Amino acid sequence: MSIPSERLRPWVSEVTVLAGHGPGDRLVHVPDAGTALVVRTTPDGRCDLLVVGPRTRASYHIGKDLPFVVKLRLRPGAARPLLGLGVGELVDRTAAIGDVWPDSDGLVRRLAESGTDAELVLKHLESALLARIAAQSPADLERSELVRTAAKALTRPAGRGREPVPAIARRLAVSERHLRGLFSDGVGVPPKRFERITRVRRVLAGGRASSWATAGYYDQSHMTAEFRAMMGVTPGAFFAGRLPALQPC
């Protein structure tokens, strides 16, 4: 995992480059409120550019033979202006870039010509994303900034200056109803579900040492129930490697 370039940092939170992703590997896709752009090369040399929408539940898969993968995780709230559609249409879905950007053929061709040169692939993706940003109206950029600010505030753990949605709306000088509507359209899930996903991701990041208090839960039973609802197993079973049956990818 690497840090995105300075110009993309307000829009992209993570850049991941994988090489030698073999068939039969165990893949766990955890809940994620962010949308991602994924470039992948197949063994026969085909290049795909996919849009992976927010995931509300974990999925467990048998890996494919993918020699080269680059993933850009967009910050929650950044996908709406970059993709040009409400992110709710992408929740728990993966779409080919052509279904989202009708004029993406040239980009896909340049990515295919880049082969496994990660630096060149990232350069082409950055150029395309910056062009999309530059084409947005000031009003669209302002709405995106508002949603990204709200998402950042909701990501803070409880007890560390975290604000409830009504307080965030007052600080941003918009109505709570307006903020919730913008948030659901720009992130893909409403604020309450976003917070649930964020809490589960805190548990995953903390591993076996995670406590219900630091993760933002009311008590242990709250953490266990919410984790099982999204991950399919309890925290203890997950960290012990007792996972649901793997499904074809």
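Select H4 and helix H6 (residues 176–187): their axes come within 9 Å and cross at roughly 95°. An angle from 65 to 115 degrees counts as roughly perpendicular, so H4 is roughly perpendicular to H6. The model on screen is a predicted one.

Show side chains at this crossing. On the H4 side, pick Arg 143, Leu 146, Val 147, Ala 150, Ala 151 and Leu 154; these meet Leu 179, Leu 182, Phe 183 and Val 187 in H6. Colour the contact of H4 with H6 by class and there are 9 nonpolar residues, 1 charged residue and no polar ones.

The axes of H4 and H7 come within 10 Å, with a crossing angle of roughly 50°. H4 and H7 are therefore oblique to each other, and the crossing of H4 past H7 is right-handed. To see the contact, select Ala 151, Leu 154 and Thr 155 of H4 together with Pro 191, Phe 194, Glu 195, Thr 198 and Arg 202 of H7. By class, the contact of H4 with H7 has 4 nonpolar, 2 polar and 2 charged residues. Ala 151 and Leu 154 were also picked in the contact of H4 with H6.

Which elements each supply at least two residues of the lining of the second largest pocket? They are E1, H4 and H7. The largest share, 6 residues, comes from H4. The space in the second largest pocket is about 510 Å³. Its lining has 19 residues, and those nearest the centre are Arg 73, Arg 75, Pro 76, Ala 151 and Thr 155. Ala 151 and Thr 155 also belong to the H4 side of the contact with H7. The lining of the second largest pocket divides into 6 nonpolar, 4 polar and 9 charged residues.

Next, follow H7 to helix H9 (residues 220–231). The axes of H7 and H9 come within 10 Å and cross at roughly 100°, which makes H7 roughly perpendicular to H9. On H7, select Arg 196, Ile 197, Arg 199, Val 200, Val 203 and Leu 204; on H9, select His 222, Met 223, Glu 226, Phe 227, Met 230 and Met 231. The residues of the contact of H7 with H9 divide into 8 nonpolar, 1 polar and 3 charged.

Now leave the helices for the strands. The largest pocket holds about 980 Å³ of space. Of the 31 residues in its lining, centre the view on His 29, Val 38, Val 52, Arg 55 and Lys 71, the closest to the pocket centre. The elements that give two or more residues to this lining are strands E1 (12–21), E2 (26–29), E3 (36–41), E4 (47–52), E5 (59–62) and E6 (66–74). By class, the lining of the largest pocket has 13 nonpolar, 7 polar and 11 charged residues.

How many cavities of 30 Å³ or more does the structure hold? There is 1, and the largest cavity contains about 40 Å³ of space. To find the largest cavity, select its lining: Asp 32, Gly 34, Thr 35, Ala 36, Val 52, Gly 53, Arg 55 and Lys 71. This lining has 2 nonpolar, 3 polar and 3 charged residues. Val 52, Arg 55 and Lys 71 line the largest cavity and are also among the residues closest to the centre of the largest pocket.

Terms used. Residues numbered from 1 in each chain as written. Predicted model: local features only at pLDDT ≥ 70, side-chain atom pairs only at ≥ 80, totals over all residues. Heavy atoms only, no water. Axes fitted to C-alpha atoms, helices over the stretch in contact; angles between N-to-C directions. Helix = DSSP H or I, 4+ residues; strand = E, 2+ residues; numbered from the N terminus. Parallel < 35°, antiparallel > 145°, perpendicular 65-115°, else oblique. Left-handed = near helix turned anticlockwise from the far one by under 90°. Contact = heavy atoms within 4.5 Å. Nonpolar A, V, L, I, M, F, W, Y, C, P; charged D, E, K, R; others polar. 1 Å grid on protein atoms, 1.4 Å probe; cavity = no way out; pocket = protein on both sides within 12 Å on 5 of 7 lines; lining within 4 Å. Points joined across faces, edges and corners; volume = space filled by probe spheres on them.
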